[in-house]
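Hi there,

Here is the structure I promised to pass on to you. Have a look at it first, and then read my notes below.

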Amino acid sequence: MSEKNFNSFLKPNPRASIPPVCYKCGKEVRNNNFDTKNEFTKCMSSPPWNSGWEGKCEHCGYDYNIHYSQIVSASDFSLIKRETSVAISQMKHMDSLDTFVILSGVEMEITETHQFNSDTPTAINRKIFISTNELKYLIAALKNSPILAQYDWDVDCT
Ligand SMILES: [Zn+2]
């Protein structure tokens with residue numbers, strides 16, 4: 001658990017109930033009387049601003065969920081493409097008989113579609129949950145990293 005972004009009902013973090021400001025409209029991303037609905041509403045809990053949020057600004061509708069599409073190959077014989085979505089998500093972990101820890105984060109889903117000639121396309125789909133702390137670490141570690149300076153390349157074996 002990271003103290004920075006953890007909110008316990010035993011020791012509520014006052015900053016956890018304040019939604020961040022939308023960088024499109026300048027208002028908080030949740031409505032004034034936002035609902036932190038979740039499956040533990042009847043339990044002792046102090047849900048943070050992001051509980052029940054679907055990733056869209058509730059004032060202007062800007063969608064913070066991410067969608068990315070990449071054509072890997074588009075020749076006369078094949079079409080290979082990858083579609084990536086990153087959507088706000090939570091993952092619950094039971095840590096005793098009646099207590100849970102809810103990890104905030106995103107679900108990353110990648111679908112890779114292959115179509116050769118006029119065959120029916122086939123798709124491979126993978127999903128993974130990435131916690132907010134893991135995202136923060138990855139973003140900081142990748143800043144100015146040579147990993148992001150990599151190139152793709154092709155090969156002709158005839
Ligand atoms: Zn907005």
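Let me start with a question: which residue in the turn between E3 and E4 has a positive phi? The residue is asparagine 117, with a phi of about 50°. This turn belongs to a hairpin formed by E3 and E4, with 5 residues between them. Please keep in mind that the model is predicted.

Now for the sheet itself. Four strands make up an open sheet in the order E1-E2-E3-E4, and their pairing is antiparallel. Strand E1 (66-74) and strand E4 (122-131) each have a single partner strand, so they stand at the edges and one side of each is left without a neighbour in the sheet. On average, neighbouring strands here are turned by 20° against each other, direction ignored.

Strand E2 (residues 78-94) runs antiparallel to strand E3 (residues 100-116), and 17 bridges pair them. A hairpin through 5 residues joins E2 to E3. To find your way along this pair, look for leucine 79, which stands opposite glutamine 115 in E3, and for arginine 82, which faces glutamate 112 in E3.

E3 also pairs with E4: the two run antiparallel and are joined by 10 bridges.

Enjoy exploring, and write back with any questions!

Best wishes

Definitions and conventions
Residues are numbered from 1 along each chain as its sequence is written. This is a predicted model: local features need pLDDT of at least 70, side-chain atom pairs count only at pLDDT 80 or more; totals for chains, interfaces and linings use all residues. Two strands pair if DSSP finds at least two bridges between them. Axes are lines fitted to C-alpha atoms, for helices over the stretch in contact, and angles run from 0 to 180 degrees between N-to-C directions.
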